[in-house]
Amino acid sequence: MIPEHILNRKGARSFKDLDTEVISYLNKGLIQTANLMEWLTVDQLVLLKKILDDLKKPDWYDSFYEAVSAQKKPSANANTKVIGMTFLQLTNDQSIIDYLSNHTSDVPRCWATYWAGLRESEIDKKLKVIAPYAADVHFGVREVAIFACKEAIIENLDMAIDILSEWTSSTDENVRRYAVETTRPIGVWTKKIDELKEYPEKGIPLLDPLKSDSSKYVRDSVGNWLNDASKTRPDWVKNICARWAKESTTKETQYILKKALRTINK
């Protein structure tokens with residue numbers, strides 16, 4: 001039984017504050033990571049070895065070890081992608097992917113996210129299979145869902161926006177946020193979308209429905225999207241914000257406008 005102080009922890013703020021007991025539980029896949037610091041701490045190969053034993057596939061370990069070791073610049077995110085890709089190369093067994101997708105630990109769910117996102121080549125199918133991961137309860141899985149689709153979204157931008165515009169009416173705030181966050185012109189830790197930096201008006205079908213969203217998580221993403229666009233098309237962002245200010249007087253819209261104009265108003 002996992003102690004209450006482990007289950008209810010907030011997560012260490014630095015590596016020196018990490019609890020060795022927490023690390024042990026993380027590497028055994030018994031708990032989710034509580035924050036980015038913990039996520040970066042997980043020894044993915046140690047966790048993978050245990051999971052392969054659980055799946056009765058210990059003979060697969062060498063393939064994963066070789067793939068991870070072959071990287072020139074290994075990182076936690078790179079390891080996650082490589083492990084997901086290696087699962088894809090080794091199997092198409094849905095029962096294994098279901099096992100990873102429903103694991104207690106968020107890290108195997110991240111592997112499954114890459115497996116699902118990279119398996120499909122067509123943008124409509126890719127977004128369909130990534131949707132459950134975009135709605136995951138864990139922040140890490142949701143971010144990997146962005147990484148797994150970003151290049152395909154850039155390459156098929158118009159179709160992706162058309163599909164994602166339907167996601168803006170979802171009752172799940174994580175899904176609504178994904179529709180915006182994954183198309184940010186600049187974003188964080190992901191490829192820039194040059195087409196949206198030059199033509200941000202293409203993103204209006206995603207932004208307009210959320211200009212007064214009830215979720216702060218979504219509002220932050222909308223505000224950040226517009227702030228990204230303000231770095232290349234400041235006049236366009238000013239016009240959008242002026243229109244929204246007239247159309248919506250809610251405190252939610254005011255929050256977004258302040259966030260959207262923060263670079264312009266410096």
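A: N224 lies in helix α15, where a helix is a DSSP run of H or I at least four residues long, strands are runs of E of at least two, and both are numbered from the N terminus. The model is a predicted one: local features need pLDDT of at least 70, side-chain atom pairs count only at pLDDT 80 or more, and totals for chains, interfaces and linings use all residues. Residues are numbered from 1 along each chain as its sequence is written, and side-chain values use heavy atoms, with hydrogens and water left out.

With a relative accessible area of 13%, N224 is buried; buried means under 20%, exposed means over 50%, and partly exposed is in between, with a 1.4 Å probe and protein chains only. Apart from neighbours within four places in sequence, N224 is in contact with R184, K259 and R262, contact being heavy atoms within 4.5 Å.

R184 leads on to a group of charged residues. Together with E143, R177, E181 and D228, R184 is part of a network of salt bridges. A salt bridge is a side-chain nitrogen of Lys or Arg within 4 Å of a carboxyl oxygen of Asp or Glu. By this rule the model has 21 salt bridges.

Another of these pairs joins K211 to E247, with the closest N and O atoms 3.7 Å apart. K211 sits in the loop between α14 and α15 (216-230), while E247 belongs to helix α16 (residues 234-247); the two are 36 residues apart, and the pair links distant parts of the chain. E247 has a relative accessible area of 45% and is therefore partly exposed.

Helix α14 (residues 204-207) includes I204. This isoleucine, I204, is buried, at a relative accessible area of 18%. Residues up to four places away in sequence aside, I204 touches P209, W236, I240 and R243. I204 and I161 are 43 residues apart along the chain, and their C-alpha atoms are separated by 9.3 Å.

In the first, the side chains of K50 and D54 meet at 3.1 Å, N to O. K50 and D54 are four residues apart in helix α4, so about one helical turn separates them. K50 is partly exposed at 32% relative accessible area, and D54 is also partly exposed, at 39%. In the second, R119 pairs with E120, the closest N and O atoms being 3.6 Å apart. R119 is partly exposed, with 31% relative accessibility.

Two packed helices are described by the angle between their axes and the distance between the axes. The axes of helix α4 (residues 44-54) and helix α8 (residues 106-119) come within 11 Å and cross at roughly 85°. Axes here are lines fitted to C-alpha atoms, for helices over the stretch in contact, and angles run from 0 to 180 degrees between N-to-C directions. The helices α4 and α8 are therefore roughly perpendicular to each other, the label for 65 to 115 degrees; under 35 is roughly parallel, over 145 roughly antiparallel, and the rest oblique. Where they meet, α4 contributes Q44, L47, L48 and I51, and α8 contributes V107, P108 and W111.

The loop between α4 and α5 (61-69) holds K56. Phi of K56 is near 60°, a positive value in a residue that is not glycine. K56 is exposed, at 69% relative accessible area.

W189 also has a positive phi without being a glycine, of about 65°. The place of W189 is the loop between α12 (173-181) and α13 (194-198), and W189 is exposed, with a relative accessible area of 69%.

Beyond four places in sequence, T41 is in contact with F15, L18 and I23.
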